[in-house]
Amino acid sequence: MIRAEGLTKRFGDNLAVDNLTLHVERGEVFAFLGPNGAGKTTTVRMLAALIGLTAGRAWVNGYQLGVQNMDVRRSVGILTEAPGLYERLDAVQNLQLHAKLYEVDDVAGQVQKYLQLLGLWQRRDEPVGGFSKGMKQKLAIARALLHEPPLLFLDEPTAALDPEAARTVRDFIGEVKGAGRTIFLCTHNLDEADRLADRVGIIKQKLIQVDSPGNLRRSLYGRRVVVHLAAVTELVRTAVEALPFVQEVQQVENTLVIGLEEPEQQNPVLVERIVAAGGRVQFVNELRHSLEDIYFSLIQEGEQELEK
Amino acid sequence: MNGAKICAIVEKEVADALKNKMIVISMALLPILLVVMVLGTAYFMLKIDEPMDEDDMSIIPAELQDMDPMHAFLILMNDQYLFYFLLIPMMMPVYIAAYSIVGEKETKSLEPLLATPISVWELLVGKSITATVPSVVLTWLSFVVLVIGGYFVMPEPVFLALIRPVWIVGMALLSPLLALLSVFSGIIISSRMNDPRAAQQVTGIFVVPIIALSLAVLAGKVFLSVSVVIMTAAVTLALDCVVLYFAVRLFQRETILTRWK
């Protein structure tokens with residue numbers, strides 16, 4: 001779907017994107033994370049054939065950037081940072097323009113399909129200027145999907161939306177993902193990325209790391225389970241520490257945080273041993289570091305790298 | 001170039017412009033004012049019918065010396081006013097072009113548009129047609145209304161002067177060329193401007209040569225002939241080509257997205 005090798009973009013003296021190598025597979029949701037000015041939008045613009053590359057090569061849907069730009073544009077859908085709708089025109093007119101520019105066969109049919117899918121059909125004849133932010137964003141997503149592109153670029157799809165509208169948009173992105181489309185998602189919302197993405201890429205000019213949120217958690221923090229007990233006795237703690245697979249044990253009041261390699265396999269033995277040592281187990285959970293923790297840790301790493 | 005895509009742009013631009021009251025009012029106001037002004041001047045001057053003094057007579061060019069002085073004066077006035085008709089295709093496209101290009105920057109609708117498989121040429125042609133055609137048609141239409149009104153209001157020699165070849169050729173040739181000059185310069189200016197109003201004001205500079213020529217006619221320095229009109233058209237055409245060259249060079253996707261502030 002996307003194969004980028006050494007993608008670089010320079011605006012005068014400003015290096016916006018530096019030597020980015022990236023592969024995104026078919027049907028994958030790839031979240032692109034990074035602070036403001038990290039090069040996320042520039043990368044999307046390069047991959048959507050809106051701006052040229054200073055160096056490197058890339059193929060999008062099998063078309064080479066810089067050589068087959070028109071084919072690239074035809075084969076992708078893009079939701080830009082701002083919805084960019086024609087506010088005096090109604091929803092149908094807004095969608096019709098783009099359907100015609102993408103040379104969609106059944107313009108009326110596709111417009112109706114997406115307006116109904118996104119719950120905007122009842123208000124199709126109203127000027128878009130009167131729509132709420134959430135409705136405008138939904139309309140902009142519909143516009144990006146009209147020509148049924150296999151790859152969709154979404155730049156901050158839920159930014160500036162109220163929680164309800166953000167949820168609706170997020171749910172719809174989930175549906176689009178379910179339909180087998182590839183989604184390249186630029187977002188500041190780490191929770192959103194965590195929920196939707198198969199893999200995340202963290203960028204600050206250079207690509208710092210790419211992996212699934214789960215793998216990133218494991219590689220940075222390992223896996224830990226949290227065991228809440230009625231009381232932590234010396235006997236219980238010794239019994240836990242004596243287990244060969246336990247990597248580390250921390251105690252916080254009546255809670256033990258235990259580092260394990262394979263919690264799915266090792267938890268039953270762990271619980272058995274605690275109970276045998278007289279411990280009364282109340283809850284057992286996996287300690288889940290948020291994507292935010294991972295993000296800040298990796299961004300810090302990236303900044304140190306850039307300083308070098 | 002894909003005609004269907006150009007039509008889609010034109011369709012959208014027309015629908016958008018018609019919903020913009022400011023554009024509709026600006027488009028309608030100027031032609032109506034001009035027609036009323038020309039016919040009103042003729043009507044009231046003939047009604048007053050005061051003898052002309054020597055100062056007034058001195059500005060009558062040699063070509064009109066044999067005529068009734070009032071008729072000659074009215075022809076001279078009409079010639080000057082008709083220049084203002086050429087301001088319609090200059091002023092009007094600026095409103096439309098400025099809003100259709102700078103306005104898209106303001107509403108941030110240009111990026112999704114540029115992300116579609118439309119070429120820069122298709123986009124420019126679509127936008128230029130939308131800005132040029134209505135203003136040229138309105139210019140011609142207001143000229144036709146003026147001629148019909150003139151038939152009833154003006155004496156025969158003045159009316160015949162109104163429909164002499166110089167003005168027919170002038171309206172036919174100069175209106176589209178001036179409209180294009182206005183549109184292309186609007187595109188260039190919009191590449192450096194944030195505000196549609198600022199783009200309109202700067203494009204107003206192109207009106208100055210037309211005003212200067214009209215004043216030369218009023219002062220009796222130039223008497224309009226077909227050759228003067230053709231020469232003016234040739235100069236405008238050359239200017240169109242130069243301005244178009246720069247407009248296309250400046251109107252590149254990357255420039256628009258990354259340098260238009």
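Two strands count as paired here if DSSP finds at least two bridges between them. Helices (H or I, at least four residues) and strands (E, at least two) are DSSP runs, numbered from the N terminus.

The model is predicted: local features need pLDDT of at least 70, side-chain atom pairs count only at pLDDT 80 or more, and totals for chains, interfaces and linings use all residues. Residues are numbered from 1 along each chain as its sequence is written, while chains are lettered from A and ligands numbered from 1 in the order in which they are written.

**Stop 1: the whole complex**

Colour by pLDDT, the predictor's confidence in each residue, from 0 to 100. Chain B averages 81, and 85% of its residues score at least 70. Within chain B, helix α10 (residues 196-203) has the lowest confidence, with a mean of 65, and helix α6 (residues 110-114) the highest, at 91. For the complex, the predictor gives an ipTM of 0.79 and a pTM of 0.79.

**Stop 2: the domains of chain A**

Select 2-211 of chain A for domain 1 and 222-287 for domain 2; these bounds come from an automatic or database domain assignment. The C-alpha centres of the two domains of chain A are 45 Å apart.

**Stop 3: the six-stranded sheet**

Show the strands β6-β7-β8-β3-β9-β10 of chain A, which in that order form an open sheet of 6 strands with mixed pairing. Its edge strands are β6 (76-79) and β10 (206-211) of chain A, each of which pairs on one side only. On average, neighbouring strands of this sheet are turned by 15° against each other, direction ignored. Axes are lines fitted to C-alpha atoms, for helices over the stretch in contact, and angles run from 0 to 180 degrees between N-to-C directions.

Now zoom to β9 (residues 199-204) of chain A, which pairs with β10(A) in the antiparallel sense over 5 bridges. Two pairs can be picked out: A:G201 stands opposite A:V210, and A:I202 has A:Q209 as its bridge partner. The hairpin of β9(A) and β10(A) has 1 residue between the strands, and A:Q205 takes a positive phi near 65°.

**Stop 4: the four-stranded sheet**

Select β2-β1-β4-β5 of chain A, an open sheet of 4 strands in that order with antiparallel pairing. β2 (14-24) and β5 (63-64) of chain A each have a single partner strand, so one side of each is left without a neighbour in the sheet. β4 (residues 55-60) of chain A runs antiparallel to β5(A), joined by 2 bridges. A:W59 has A:Q64 in β5(A) as its bridge partner.

**Stop 5: strands around β11 of chain A**

Move to β11 (residues 223-229) of chain A, which is joined to the antiparallel strand β13 (residues 255-260) of chain A by 6 bridges. Here A:R223 has A:L260 as its bridge partner. β11(A) also pairs in the antiparallel sense with β14 (residues 281-287) of chain A, over 6 bridges, and A:L229 stands opposite A:V281.

**Stop 6: where chain A meets chain B**

Select the contacts between the chains: 25 residues of chain A and 22 residues of chain B. On the chain A side, α2 (69-75) and α3 (91-101) each supply at least two residues, and α3(A) gives the most, with 5 residues. By class, this side of chain A has 13 nonpolar, 5 polar and 7 charged residues. Ala, Val, Leu, Ile, Met, Phe, Trp, Tyr, Cys and Pro count as nonpolar, Asp, Glu, Lys and Arg as charged, and the others, Gly among them, as polar.

**Stop 7: a helix pair in chain B**

Finish with α7 (residues 120-153) and α9 (residues 165-190) of chain B, whose axes come within 9 Å and cross at roughly 145°. Residues to display include B:W140 and B:F143 in α7(B) and B:M171 and B:L180 in α9(B). The contact between α7(B) and α9(B) has 9 nonpolar, 5 polar and no charged residues.

How values were computed. Two residues are in contact if their C-beta atoms, placed from the backbone, lie within 7 Å.
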